[in-house]
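Student: Could you walk me through this protein slowly, one topic at a time?

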Amino acid sequence: MPEGHVLHRLAHHLNAHFRGAPLEASSPQGRFEASPIDASLLLRAEAFGKHLFMAFSSGHTVHIHLGLIGSLRFEPPAEVRGQIRLRLVSAEQAANLRGPQTCRYVSPVEQQEILDTAGEDPLREDADPDALWERVHASRRSIGSLMMDQKLFAGVGNIYRAEPLFRLGISPFLPGRDLAREEFDALWADLVALMHYGVEHGRIDTVRPEHSPEAMGRAPRADDHGGEVYVYRRAGEPCLVCSTPIAVKKVEGRNLFWCPGCQ
């Protein structure tokens, strides 16, 4: 499932390249009624956690959640392939939405209900880490479990759960109530920095310079997710810091990776 930085990159691209002129909207797949927004202007695209909202001059707002297999790709206008749920065409390119979990119109009230149940997004300036700390500090659940809860950490997924915990030497099994405020603040700050890097570069890199392939004389990571990481999807491989084999365990329905030596 795409993590929060992907949705923010999509919103930035939509705002930069699809606003300012009427858009041709359609649903080649036939599973979305696009006529209400056809020939209207995109007023604003905004990401909140793993949710994407697009507001149009017609007065309609489209809510998109990509889910596990969804994608929104920017392609040449003449290229129409695959099962496209929603297609927005500008003079220069097309935004083609395929396989989303959600693609629907929402009223202002429905949009606010979605936002009210979402957690704090490290990529948003209006995030309230103090409010999040209160909820984390009151919980008996492990921090590794809490970080996958979108009602707490909006936009944080499996990679952004595992990597900051490793970088700070925090056990993913530590109960939230036992996490020190200083540890929480460091964790939040690391999430903000790493996720902003993801927005800027379009990939997740979490290793520090001294552990890069060049510095360590090792081969670059070969993985379809891209990016250099410490523990994610490295089960059984030696830790880049202490050489302990990376461990893996299913937590909240997803594989949690950590280093028993460093954490």
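This is a predicted model: local features need pLDDT of at least 70, side-chain atom pairs count only at pLDDT 80 or more; totals for chains, interfaces and linings use all residues.

Student: OK, strands then. How many residues of β4 are buried?

Tutor: In β4, 5 of the 5 residues are buried, so the strand is largely enclosed by the rest of the structure. Buried here means under 20% relative accessible area, exposed means over 50%, and partly exposed lies in between, using a 1.4 Å probe and protein chains only. Strands are DSSP runs of E with at least two residues, helices are runs of H or I with at least four, and both are numbered from the N terminus.

Student: And which way do the residues of β4 point?

Tutor: Thr61, His63 and His65 point one way, whereas Val62 and Ile64 point the other way, and all of them are buried. In a regular strand the side chains alternate between the two faces of the sheet.

Student: Which strand does β4 pair with over 5 bridges?

Tutor: That is β8, which pairs with β4 in the antiparallel sense, and there Thr61 stands opposite Val106. Two strands count as paired if DSSP finds at least two bridges between them. β4 also pairs with β3, again in the antiparallel sense, over 4 bridges, and Leu52 has Ile64 in β4 as its bridge partner.

Student: What sits between β3 and β4?

Tutor: The two strands form a hairpin with 4 residues between them, and Gly59 in the turn has a positive phi of about 95°. There is also a hairpin of β2 and β3, with 2 residues between the strands, where Gly49 takes a positive phi near 60°. β2 and β3 (residues 51–56) pair in the antiparallel sense over 6 bridges, and one of the bridge partners is His51 in β3, which faces Phe48.

Student: What does the side chain of His51 touch, then?

Tutor: The side chains of His51 and His63 are joined by a polar contact of 2.9 Å. A polar contact is a pair of N or O atoms within 3.5 Å; within protein, one must be able to donate a hydrogen and the other to accept it, and residues adjacent in sequence count only if both atoms are side-chain atoms. His63 lies in strand β4 and is buried, with a relative accessible area of 5%.

Student: Which residues other than glycine have a positive phi?

Tutor: Among them are Ala39, at about 70°, and Ser243, near 75°. Ala39 is found in the loop between β1 and β2 and counts as exposed at 54% relative accessibility. Ser243 lies in the loop between α7 (213–216) and β9 (247–251), and at 52% relative accessibility it counts as exposed.

Student: New topic: how many aromatic pairs are there?

Tutor: The structure holds 6 aromatic pairs. One of them joins Phe32 and Tyr105, a tilted pair with 4.9 Å centre to centre and 35° between the planes. Phe32 lies in the loop between β1 (24–26) and β2 (42–48) and Tyr105 in strand β8 (residues 102–106), so the pair ties together parts that are 73 residues apart in sequence. Rings of Phe, Tyr and Trp (its six-membered ring) pair if their centres lie within 6.5 Å, and planes under 30 degrees apart count as stacked, over 60 as edge-to-face and the rest as tilted.

Student: Is Phe32 buried or exposed?

Tutor: Phe32 is buried, with a relative accessible area of 9%, whereas Tyr105 is partly exposed at 23%.

Student: And how many salt bridges?

Tutor: A search of the whole structure finds 12 salt bridges, each a side-chain nitrogen of Lys or Arg within 4 Å of a carboxyl oxygen of Asp or Glu. One of them joins the side chains of Arg81 and Glu75 at 3.3 Å, N to O; Arg81 is partly exposed at 42% relative accessibility, while Glu75 is buried at 7%. Salt bridges that share partners also join Arg44, Glu46, Arg124 and Asp126 into one network.

Technical notes
Residues are numbered from 1 along each chain as its sequence is written. Side-chain values use heavy atoms; hydrogens and water are left out.
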